[in-house]
Amino acid sequence: MAGGPDDRARILQAVFDSCVHSQPDVKSDAGYEQYAGFSTKATRRTIAPLPNHVAREVYLLLDVLASGSGAALSRLTRSLSPLPMLAATGSVATRGAAGDGGERRAARGFVGLKNQGATCYMNAVLQQMFSIKTFRESVLRAGFGDTQASDMTPSSSTETTAETEREREKHERDKREDEALRELRLVFAHLHGSERKAYDAMGFCQTFSWADGRPINVSEQQDAQEFFSRVLDLVHERSKSLKLQESPELIFQGILEHQTISLESEHQSNKEERFYHLSLAVQNKANLLESLSLYVKGDVLDADNKVMIAGKKRTALKRACIKMAPNVMVFHLKRFYTNFDTMRMVAIYICNIYVYIY
């Protein structure tokens, strides 16, 4: 390319400022920042909403401009440095999974997640959560990972009291959760904007922990439903800490009503419970409707199992009904049962049972 290093640097900066980045009003969450931007107190520079085919050409042009010119490369590095995600991990358009051979995704294809060994359960759940537009955009706008270290520093008191110890433990827990959810935002950002065929989510694996504090062991298969619930727990807890008006996980939240109905009188007691998924039996069921019918059918409690109602033990029907359905209903299909003859878990193959329900 003709022109000296300074000319290249000026052209690169012009392309960068006009095509790649924008500086919207600090109160606005419009544009591509919801997929790749992490706000800071100083600035909110974000990736502009370029179509993939345009973004590809722009990044190739930047690469040509920066090649062989120390001044141009330095200018590009300084321009990228205010972006925490890009500075720490590389461009959304270029970072991929180790070992993917540098393969680019198809023009109309999707970005995959690298299997770290036995993390197919994690990959499947994250892909499904990402595909729910309302949830992914809520997570990306929530500010997880934007918290500065100074904002999360516990009291500097040297006194060792129960209160300061609890404060310190809460600080450490919040810090770990914030790191995990920042990585979740990175996963969603790359699934949306990466040009690579697959994304390496090892960063998420290293920061995520189960409810008992255990980290993810990438060589062990885990329960997908348990992982889904844990992610929602993390989102819920950090949303409370950040005092968000609308927590992202609420789109999955419904209300169950547990009913105890006397079959010997007109007495009935109801108790509400919030839920994020329903666990449905699928053994010997032809479709989802049959599983749901069994779920709400309930059990008759009689003989020795009679319920104390109005001061007297009575035969009663105990069941759970869906009082309020969530915007997104999640069904956990109970695909395993215990064979007490062999004392082993047995899988139920359901292949195409529920396809027509969607």
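**Entry 1: the cavity**

I looked up the largest cavity, and about 40 Å³ of space lies in it. A cavity here is a set of points on a 1 Å grid over the protein atoms alone where a 1.4 Å probe fits but cannot get out. Its volume is the space filled by probe spheres set on the points, which are joined across faces, edges and corners. I noted that the structure holds one cavity of 30 Å³ or more.

This is a predicted model, where local features need pLDDT of at least 70 and side-chain atom pairs count only at pLDDT 80 or more, while totals for chains, interfaces and linings use all residues. Residues are numbered from 1 along each chain as its sequence is written, and side-chain values use heavy atoms, with hydrogens and water left out.

Which residues line the largest cavity? I found Arg176, Glu177, Ala180, Thr207, Phe208, Ser209 and Leu234 there; a lining residue has an atom within 4 Å of a point. Helix H8 (residues 162–193) gives the largest share of this lining, three residues. Helices are DSSP runs (H or I, at least four residues) numbered from the N terminus. I sorted the lining by class into three nonpolar, two polar and two charged residues. Ala, Val, Leu, Ile, Met, Phe, Trp, Tyr, Cys and Pro count as nonpolar, Asp, Glu, Lys and Arg as charged, and the others, Gly among them, as polar.

**Entry 2: H8 and H10**

Next I followed H8 to H10, and their axes come within 10 Å and cross at roughly 120 degrees. Axes are lines fitted to C-alpha atoms, for helices over the stretch in contact, and angles run from 0 to 180 degrees between N-to-C directions. On the H8 side, I listed Lys170, Asp174, Glu177, Asp178, Ala180, Leu181 and Leu184 in the contact, meaning heavy atoms within 4.5 Å. H10 brings Val231, Leu234, Val235, Glu237, Arg238 and Ser241. By class, I read six nonpolar, one polar and six charged residues in this contact.

**Entry 3: H6 and H10**

How do helix H6 (residues 120–131) and helix H10 (residues 224–241) pack? I found an angle of about 50 degrees, with the axes 9 Å apart. From H6, Tyr121, Met122, Val125, Leu126 and Met129 meet Ala224, Phe227, Phe228, Val231 and Leu232 of H10. I sorted this contact by class, and it has 10 nonpolar, no polar and no charged residues.

**Entry 4: H7 and H8**

Last, I checked helix H7 (residues 133–141), whose axis comes within 10 Å of that of H8 and crosses it at roughly 130 degrees. Phe135, Arg136, Val139 and Leu140 of H7 make the contact with Leu184, Arg185 and Phe188 of H8. I put these residues into classes: five nonpolar, no polar and two charged.

Note on methods:
1 Å grid on protein atoms, 1.4 Å probe; cavity = no way out; pocket = protein on both sides within 12 Å on 5 of 7 lines; lining within 4 Å. Helix = DSSP H or I, 4+ residues; strand = E, 2+ residues; numbered from the N terminus.
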